[in-house]
Every structure is written in C-alpha cells, then in structure tokens.
Amino acid sequence: MSSSDVAIAIRGISKAYRIAHGAQKHYTLAEAALARLKNPFERPSIETFWALKDVSFDVKRGDVVGIIGRNGAGKSTLLKILSRITEPTAGEVDLYGRVGSLLEVGTGFHAELTGRENIFINGAMLGMRKSEIRAQFDSIVDFSGVEKFLDTPVKRYSSGMYVRLAFAVAAHLTPDILIVDEVLAVGDAAFQQKCIGKMSEVARGGRTVLFVSHSMAAVSNLCTVGVVLDSGRVAKIAETSVAIAHYNASARVTAGTNGDVSSFRPSWARPVIRSVRLIDENGETASHIPLDSDLTVEMVFDTGPGAPLKNPVMGLVVNHLTYGSVGGVNMMMTGPGRARADGPVARARMQCVLRRPRLVPGSYHLDIWLTDGHERVDMLAGYPRFEIEAADVYGTGQAPRSDLGATYFEPEWTMETVSEMVPSP
C-alpha cells in the first residue's frame, strides 16, 4: 500500500490508566483530614490497566472499517485517541485529512437554547464551519423531524426529539475521515433505519469511516473491513464477514451458559441477577439447541440486602450474531401467566419457555431484563450465547438456510395448470 493510499496510520498505540484500589471517598475537607490523622501511613494500591496494548494497522482511503469486540476490548479508547480527545501512552497516529468524530450524540447541547441555536453551536463543536452549517441547515432540520419545535428550548424536547436533532447535526458532517462510536442505536426503529441509511450514504460517498458497533448486522451492511479487538490488542484484521466469524467464534468460547456475568452488565444495573441458563427439551442445561425445539430461559435473582421487588418482571431479546435482533418478549406484554407475584419477592427462579422459536441454524445471544414494574433493576446484555443446530424440518434433506435471514417459515405451496395464457397484471 503506497503512502498516498493511507488515510490513517496507527503505529504501536498503547494506552494505560492508573486505577486506585482501597481509597476511601471523602465529601468534605474535614473528613479527609480526619481520615489522614487516623491512618497517616495508609495509601491506596495503584493498578496499571492497559486499555490498548501495541495496536498497529493502516486504514486505506475510502475504506469503511468496522471495529468490533466485547465490552472493555478497547474500541472506544482507540476512537478517542484517533479523535485527539485523549493522548496515547505510547505509539503514534497519523491522520491524512480532516477528521469528524461522532462519539457521544448530543455532547455540547445547551438545554436553555433553542433547537435552531443548538444546531449552530453543536455543529461548530463538531468542526463544521458556519457556512457549512447554513448550507446544510434545511437538510439537518428535515432529517431530524423537529421543524415544528425548532424555536423551542431543547429542555422541553422529549428524549427522542433530542437524540434525533443531535444525530441529524452530526450526520451532516463532511470530513475526509469520519469516526463513529455506537450511535446507530438511537431513537425509535424507524429513525434507526434512517440513521443506517445516512451512514450508508456517507460510506458510498468515498469517505473513510471508522465505525464501532455491537450490531453485527450494521457492521456487515456498512463495512468493507473488520478489525477485532480483544483485551486491548488486535485479534484479527480481515474482510468483514471473516472478522465477524472470528469474533463470533471467540465469543462462543468466552461466553457459555453460566459463570461470571459481571462483564455483561451495564453500569446502571443493580447486580441482582445471579445466573441465567438455557434449558433444552430434556430439562438439561444446554448451549446447543436443536432446530424446531422448545427453548427455556431460566433466570435466578436475589436482591440480597436490598429491597425486595414488588412486581418482578422478566424480559428478553433474542439476537442473531450477524442479523441483529430477531424478536423479544416480556411479561407485561404477554401477561405474567404462572409467574404472578403475591407481594414483594427477594429471591426467585423465573423461566420463560419459547415454544419452537423458528430460528435458523447459527449463533445467537440473549439480552435479559429484570424490572420492578416499570423500574429498571438489572440487565445482562449479550449473555448467554447459544447455537441453533441444523435439522431436516422440511423432510427434504435440507435444513433452513442461514443466508436468507434469521427465521424460517413453514409454507404451503399450490399450483394449478391453466389452458390459456395468463395475462400480465
């Protein structure tokens, strides 16, 4: 690859963070002074955590590169270094062209200002010139769908309106290199499709794009090259389908049906879900489920010293590792059935039986939710993972094909011969 073909050159990038253990949190100067007097020689232990370690690769001009990996793999840290938000501990990065970053939707929005004013302020913060914002203004407003409320302070916007306007501004950046971190999971389903369409338009325009996402469907559709990060190191660089296959294979090894679930839990969650497992039709814990058979998802929760749940509600989403979300269900949607609670519950085993889910052979994972009525309590994202194994459900010697989607059908075909030419519709 000649130097003129390179848009981004990454050479030996490493990033270390120092983490203090055992340090007490003090809210006043008096508390801090008293603690020092009581324990004058006490010092917190310091751990060095390497978020990235010796990462090197080149990105060609016009490539759309998907960066994938588990939570904590170093994806966002890498993008922050490329965006000049943070400096690497070691290594260097060369960027050839104007860079635009879309890392956190809505950063810089001022609640007291109107949508119109925030478009100009946010656009400037994202690197757009005033003339560019004016030229793109009508497109931004049309894309966001908030024209009616353009002169209303954004503090009165719903969360959906706020996100739509913020993404609309960022989506109209016109840099040579666009760096995007997990922003397609915003708004409702219709707006998500609109966002994906916009990103596809950017990719087709010949600009270089670095895109981080947990949605393998979005990576597969948008990207030409995949970079797999694992524990801060590059595990694989290849054509997108090969990189996704590598990531899925490694994920199956590291995520089974039980064990430590802490790395699959978001920061807001209370750690009350103790375990989740999949149960096959024989009542056995399983990670490989035969096609066309029942699948039982079992969750055990324990609130410990915390308050019991007044109305525990279980929900789940089934995700294909390439195509994305297949479908979801929760007890509020369907009714609790035999899982109805009579009074507060501190500990329980909850089960959801999915009758013959029509999933094609392939790799899947679940998102498991636990709420107390409408209040979020705990969640496990991407856990557990499982395989649907092929079976001859049609009796023809052929299993449903995984390249046609994540679900299969049970059709009834008919045909009757006719004696005269049928006119075209």
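Helix α2 (residues 75-82) is mostly covered, with six of its eight residues buried. Buried means under 20% relative accessible area, exposed means over 50%, and partly exposed lies in between, using a 1.4 Å probe and protein chains only. The model is predicted: local features need pLDDT of at least 70, side-chain atom pairs count only at pLDDT 80 or more, and totals for chains, interfaces and linings use all residues. Residues are numbered from 1 along each chain as its sequence is written, and side-chain values use heavy atoms, leaving out hydrogens and water.

**Helix α2 and what follows**

- K75, T77, L78, L79, I81 and L82 are the buried residues of α2.
- After α2 comes R84, with a positive phi near 65 degrees.
- R84 is not a glycine, and its place is the loop between α2 and β4 (90-95).

**The chain as a whole**

- The chain holds nine helices and 17 strands. Helices (H or I, at least four residues) and strands (E, at least two) are DSSP runs, numbered from the N terminus.
- Of the 425 residues in the chain, 42% are buried.
- Among contacts in the chain with a separation of 6 or more, 73% come from residues 24 or more positions apart. Contact means heavy atoms within 4.5 Å.

**The five-stranded sheet**

- An open sheet of five strands runs in the order β11-β17-β16-β13-β14, with mixed pairing. Two strands pair if DSSP finds at least two bridges between them.
- β11 (288-290) and β14 (324-330) are at the edges; each has a single partner strand, so one side of each lacks a neighbour in the sheet.
- From one strand to the next, the twist averages 30 degrees. Axes are lines fitted to C-alpha atoms, for helices over the stretch in contact, and angles run from 0 to 180 degrees between N-to-C directions.
- β11 and β17 (residues 375-389) run parallel and are joined by three bridges. I289 stands opposite I388 in β17.
- β16 (residues 362-372) and β17 run antiparallel, with 10 bridges between them. L370 has D378 in β17 as its bridge partner.
- β16 and β17 also form a hairpin with two residues between them. G373 in that turn has a positive phi of about 70 degrees.
- β17 is mostly covered, with 11 of its 15 residues buried.

**The three-stranded sheet**

- A three-stranded open sheet has the order β10-β12-β15, and its pairing is antiparallel.
- β10 (273-279) and β15 (347-354) are the edge strands, each pairing on one side only.
- On average, neighbouring strands of this sheet are turned by 15 degrees against each other, direction ignored.
- Six bridges link β10 with β12 (residues 295-302), and the two strands run antiparallel. I279 has T296 in β12 as its bridge partner.

**Backbone points to check**

- Most residues other than glycine have a negative phi, and most peptide bonds are trans.
- The peptide bond from Y383 to P384 is cis, with omega near -5 degrees. P384 belongs to strand β17.
- S231 is not a glycine, yet has a positive phi of about 55 degrees.
- S231 sits in the loop between β8 (225-230) and β9 (233-239). S231 is exposed, at a relative accessible area of 55%.

**The cavity**

- Searching the whole structure gives one cavity of 30 Å³ or more. On a 1 Å grid over the protein atoms alone, a cavity is a set of points where a 1.4 Å probe fits but cannot get out.
- The largest cavity holds about 30 Å³ of space. Grid points are joined across faces, edges and corners, and a volume is the space filled by probe spheres set on the points.
- R98, V99, G100, L126, G127, M128, L173, T174 and P175 line the largest cavity. Lining residues have an atom within 4 Å of a point.
- That lining divides into five nonpolar residues, three polar and one charged. Ala, Val, Leu, Ile, Met, Phe, Trp, Tyr, Cys and Pro count as nonpolar, Asp, Glu, Lys and Arg as charged, and the others, Gly among them, as polar.

Note on methods:
1 Å grid on protein atoms, 1.4 Å probe; cavity = no way out; pocket = protein on both sides within 12 Å on 5 of 7 lines; lining within 4 Å.
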